[in-house]
Amino acid sequence: MFKMMLISVLTERMFKHLRKWFVTRFFGRSRRRARLVSKDGRCNIEFGNVEAQSRLIFFVDIWTTVLDLKWRYKMTIFITAFLGSWFFFGLLWYVVAYVHKDLPEFHPPANHTPCVEHINGLTSAFLFSLETQVTIGYGFRCVTEQCGTAIFLLIFQSILGVIINSFMCGAILAKISRPKKRAKTITFSKNAVISKRGGKLCLLIRVANLRKSLLIGSHIYGKLLRTTITPEGETIILDQININFVVDAGNENLFFISPLTIYHVIDHTSPFFHMAAETLPQQDFELVVFLDGTVEATSATCQVRTSYVPEEVLWGYRFAPIVSKTKEGKYRVDFHNFSKTVEVETPHCAMCLYNEKDARAKMKRGYDNPNFVLSEVNETDDTKM
């Protein structure tokens, strides 16, 4: 009897775990909140039904279009541009030799002066085109002064080759040196926390600079994205609300040499004021945090982005200490505790904190009771006999 009960309990637990795994595995992804900005700053948005005329605008601004391309497409364009121009001008050189009857199949006489020396076919014409455009100049094939068409084609290919080299090399150099790569060395904490700071309820985020070079003129701010309904009944998706983040010294010109803990004070003007510890996971919002600054090495501006959904905001926690001082007098930053949080005593909601403060303030003051009525009592002299 005991064995049967044990088997039934184990079987029930096994099916419970299997059901939980099945729901998490196949339906967990569908329950994830859609976010506009990923944790690494990429925007999750696509444009649909764009007119063909609008797509041509990308070719007008060809420089930005090339810079925004991925490396595989950029290298494809790079190789295609050079090989295509070499082959195209190789065909033109072949046509010049064909028209001038310089090819061996025409059996030119001994005193015949060709436009280009030693072009015997399409392959030699391609090699001459390559040598001309990249200015190798092996000295075996050369243009003669007897053919004006060849001289004009030589000048045209040289000028066009310089333009192609300048554009493609400049695009690759600009792609490598983009400040977007510098933004990869700025990291945010995995979670945001809500706890008391300076007697106020605050939302805190930790940010760190992984390089010793500074970001000059850094400025940090946030946007709260959520769906709102206007009094007219219009539904606005991704409605933006400003979220002010500060450190103890302000939110501009940050001395960003060590990790900073930025915070947003949850007061009466904050959109988090009417949220509580229990209702926070059921909220539908996305907190996007921006950090703008100028790269010290290149003087280029960059922007770092990240986002937090309600599941990534921990109520009643604070960040673990990360900066310490060694015996040698140096400051050491332990990134092992960068996103580590510690549970602390925190008010249930912002309204609870302010009501508690009001109650304490009222206890220190006296108040008149409007229902209290003073009645006069006539004194009698009971000592008379």
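Helices here are DSSP runs of H or I with at least four residues, numbered from the N terminus. Keep in mind as you click around that this is a predicted model.

**Stop 1: Gln157**

Start by selecting Gln157, which sits in helix H7. Buried or exposed? Buried: its relative accessible area is 0%, and the cut-off for that label is under 20%. Now show side chains and pick Gln133 as well. The side chains of Gln157 and Gln133 are joined by a polar contact of 3.4 Å. Leaving out residues up to four places away in sequence, Gln157 touches Phe89, Trp93, Ser129, Thr132 and Gln133.

**Stop 2: the disulfide**

Next, select Cys115 and Cys147. The structure has 1 disulfide, and these two cysteines form it, with 2.3 Å between their sulfur atoms. Look along the S-S bond: the angle about it is 70°, and the link is right-handed. What does the pair tie together? Cys115 is in the loop between helix H5 (71–99) and helix H6 (122–133), while Cys147 is in the loop between H6 and helix H7 (148–176), so the link connects parts 32 residues apart in sequence.

Cys202 is buried with a relative accessible area of 0%, and Cys349 is buried with 11%.

**Stop 3: the rings**

Now colour the aromatics. How many aromatic pairs are there? The count is 12. Begin with Phe88 and Phe89: their ring centres are 5.5 Å apart and their planes meet at 75°, so this pair is edge-to-face, a label that needs over 60 degrees.

For another edge-to-face pair, jump to Phe272 and Phe285, which are 5.6 Å centre to centre with 85° between the planes. This pair links distant parts of the chain: Phe272 belongs to the loop between strand S6 (260–265) and strand S7 (285–295), Phe285 is in strand S7, and 13 residues separate them. Both Phe272 and Phe285 are buried.

Ring pairs join Phe88, Phe89, Phe152 and Phe156 into a cluster.

**Stop 4: the nonpolar cores**

Last, select Phe188, Leu203, Ile205, Phe245, Leu287, Val289 and Leu291. Within the largest nonpolar core, which has 36 residues, these touch the most other members. Which element gives the most to this core? Strand S7 does, with 5 residues.

Centre the view on Val289 and show its neighbours. Not counting residues up to four places away in sequence, Val289 touches Phe188, Ile205, Ile220, Tyr221, Gly222, Phe245, Ile262, Val304, Arg305, Thr306 and Tyr308.

There is also a second, separate core of 13 residues, and its members include Leu103, Cys115, Val116 and Ala150.

Note on methods
Residues are numbered from 1 along each chain as its sequence is written. This is a predicted model: local features need pLDDT of at least 70, side-chain atom pairs count only at pLDDT 80 or more; totals for chains, interfaces and linings use all residues. Side-chain values use heavy atoms; hydrogens and water are left out. A disulfide is a pair of cysteine sulfur atoms within 2.5 Å. Helices (H or I, at least four residues) and strands (E, at least two) are DSSP runs, numbered from the N terminus. Buried means under 20% relative accessible area, exposed over 50%, partly exposed in between (1.4 Å probe, protein chains only). A polar contact is a pair of N or O atoms within 3.5 Å; within protein, one must be able to donate a hydrogen and the other to accept it, and residues adjacent in sequence count only if both atoms are side-chain atoms. Contact means heavy atoms within 4.5 Å. Rings of Phe, Tyr and Trp (its six-membered ring) pair if their centres lie within 6.5 Å; planes under 30 degrees apart count as stacked, over 60 as edge-to-face and the rest as tilted. A nonpolar core is a set of buried Ala, Val, Leu, Ile, Met, Phe, Trp, Tyr and Cys residues joined through side-chain atoms within 4.5 Å.
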